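Today I went looking for aromatic rings and what they pair with. Notes follow as I made them.

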Amino acid sequence: MIRDNDEALLRQSFAVATRAREGGDHPFGSILAGPDGEVLMEQGNGYTSEGCDRTAHAERLLASRAAKAYDLDFLSRCTLYSSAEPCAMCAGAIYWAGIGRLVYGQSEKALKLQTGAHEENPTLDLPCATVFEAGQRQTEIVGPLLEWEAAQLQADFWTGRS
């Protein structure tokens, strides 16, 4: 269910993605919001800044930081906002961290169509819902939301990169 502040907080994750891109990283961003909507953490993609680490996706890095900083009860009431739908790896990290709600912009399927078979982003066309449904705890999912805006973050980024 969409909440009043979801679009504004999702756009904040877009701003994080923009800063990641401007800093030389892949254009993905995420934020963690507490139960009352206060921003607790933000994280851009870390592919370049983490030494060309292909696993340094914004959502995985944020979920790991959140799991170290907060207990399961608190995280179950938090929301992770992501510029794009978390891949299977990131969805697993969100699940294991215990974050109870996810709001994302661009779908994984749309991202795959936009980026193609780029070696730096071999997108998995696997909905995060499939990963969460296999688990034993509930994760609420809202998305895609503001998908056109989210797709603009990727516009022309992948062309000509090798």
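I let a charge sit over a ring if NZ of Lys or CZ of Arg is within 6 Å of the ring centre and within 35 degrees of the ring normal. The model is predicted, so local features need pLDDT of at least 70 and side-chain atom pairs count only at pLDDT 80 or more, while totals for chains, interfaces and linings use all residues. Residues are numbered from 1 along each chain as its sequence is written, and side-chain values use heavy atoms, with hydrogens and water left out.

**Entry: charge on a ring.** I found the charged end of arginine 137 over the ring of tyrosine 95, 4.9 Å from its centre.

**Entry: ring pairs.** My rule pairs rings of Phe, Tyr and Trp (its six-membered ring) with centres within 6.5 Å; planes under 30 degrees apart are stacked, over 60 edge-to-face, the rest tilted. I get four aromatic pairs this way. Phenylalanine 28 and tryptophan 158 make a tilted one, because their centres are 6.5 Å apart and their planes at 45°. Phenylalanine 28 is buried at 7% relative accessibility, and tryptophan 158 is buried at 6% (buried is under 20% relative accessible area, exposed over 50%, partly exposed in between; 1.4 Å probe, protein chains only).

Next I looked up tyrosine 95 and tryptophan 96: centres 5.6 Å apart, planes at 85°, so edge-to-face. Tyrosine 95 is buried at 13%, whereas tryptophan 96 is exposed at 67%.

**Entry: cluster.** Which residues do ring pairs link into a cluster? I noted Phe28, Phe157 and Trp158.
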